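New page in the notebook.

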Amino acid sequence: MKEEAFAKQGHFHGEDAIWLYSGAYECAILPRVGGNLIAFRDREREYRFLHEPEMDEMEVFKARPIIHGIPVLFPPNRYEDGRFPWNGRIYTLPVNEKHTGNHLHGFLYNIPWEVESHGNKGAEASYVRLKLSFDSSREMYRYFPHTFIFWLEYTLSEKGLQQQVYIRNDGNEPMPCLLAFHTSLNAPFCKTSRPENYLFQITLGQRWELNERMLPTGKHQMLTEQEEAMKGEGAYPFFESMDNHYTAQSQNGRNRAVLTDLREQVSLVYDAGASYKQWMIWNNNAKPGFFCPEPQVNLVNAPNIKLPPEEIGLFALAPGELWQETSLLYCIPAKPHE
């Protein structure tokens, strides 16, 4: 008999969590640590798809919750000197990456979110809906003076894990919609496999040239042989150190990353929505264990780059306007590889 889906309040290494269950899948969300979806697992096959902190890593994780789970980056990645122009105003964010002199990763990934609701969607799916209201009562409002609501909903079913994002501008003037997810995937995700058993594919287009401060110059670079392989048959995720930025280029109507365990003959598919027009790939200096394919709405430092807004994913939400996007994480049998 198929086990019914359910959601429950609980803990993850002592931290308040909402756990979702459906069939063999389970996942955990940490509302008070940036709404981070910290675990996504297949209990039957003992797969752990996301890079989770261990119990003795929790304090370090909570101090900087960036390289575990699925952190929310708003605005994402780097901004030159913490400054960017928008709608006739200069925004100034704190410089929090000293060696580059940039602002990095925004201000939503480490603050508490509200659990608006959690429960079942019928017998086969469980869900949690988180909400973050941002207004003048927030410390960061002085740097980003907009009133908005951000909803983040995760639904777990036998089909996999669905992420739905909703952002509504509740202010009186247009606001920039700058967003990414620093998704951290385990390689290996099967405890009996080795990193060398893994291939990684992604629907990237062109590589952006980055300067010494890790900011785009506006130019593109030739892809290497291994980067071309990532677009096609796949490459080892740790073939070299990567902190690279790419355009997204859909294949067969999909914008996605695929991580395949050749030993298990299983592929994890990360199907990001079409609004994510850029990818970042960071692999922890090529140290095997985990890496981060990061779907990103906008080019790094986009408001400072003199390129067409549509090309760099730079757009506004008008007062009262609601933007939404959907992503999926799920498993399929691996395609045969030579």
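**Entry: what kind of model**
I reminded myself that this is a predicted model, so I read everything here as computed from it.

**Entry: salt bridges, the count**
How many salt bridges are there by the rule I used? I got 22.

Is Asp-42 buried or exposed? Asp-42 counts as buried, because its relative accessibility is 4% and the cut-off for buried is under 20%. Arg-45 has 38% relative accessibility, so I put it down as partly exposed.

**Entry: Arg-129 and Glu-116**
Next I checked Arg-129, which makes a salt bridge with Glu-116; here the closest N and O atoms are 3.9 Å apart. Arg-129 belongs to strand β12 (residues 125-134) and Glu-116 to strand β11 (residues 114-120), so the pair ties together parts that are 13 residues apart in sequence. I looked up accessibility too: Arg-129 comes out at 25%, partly exposed, and Glu-116 at 33%, also partly exposed.

**Entry: Arg-194 and Glu-196**
I found another salt bridge between the side chains of Arg-194 and Glu-196, at 3.5 Å from N to O. Arg-194 counts as exposed, because its relative accessibility is 55% and exposed means over 50%. Glu-196, at 48%, is partly exposed.

**Entry: a network**
Which residues are linked in a network of salt bridges? I wrote down Glu-26, Arg-41, Arg-43, Arg-48 and Glu-52.

**Entry: the sheet**
Then I turned to the open sheet of 8 strands, where β11 and β12 turned up again. I traced the order as β11-β12-β13-β14-β27-β23-β22-β18, and the pairing is antiparallel. Which strands stand at the edges? They are β11 and β18 (198-202); each has a single partner strand, so one side of each is left without a neighbour in the sheet.

**Entry: β14 against β27**
Last, I zoomed in on one pairing in that sheet. Strand β14 (residues 160-169) runs antiparallel to strand β27 (residues 322-333), and I noted 8 bridges between them. What is the bridge partner of Arg-168 in β27? It is Leu-322. A reminder to myself: strands of a sheet pair through backbone hydrogen bonds, parallel or antiparallel.

Note on methods:
Residues numbered from 1 in each chain as written. Predicted model: local features only at pLDDT ≥ 70, side-chain atom pairs only at ≥ 80, totals over all residues. Heavy atoms only, no water. Salt bridge = Lys/Arg side-chain N within 4 Å of Asp/Glu carboxyl O. Buried < 20%, exposed > 50% of the residue type's maximum accessible area, 1.4 Å probe, protein only. Helix = DSSP H or I, 4+ residues; strand = E, 2+ residues; numbered from the N terminus. Pairing = 2+ DSSP bridges.
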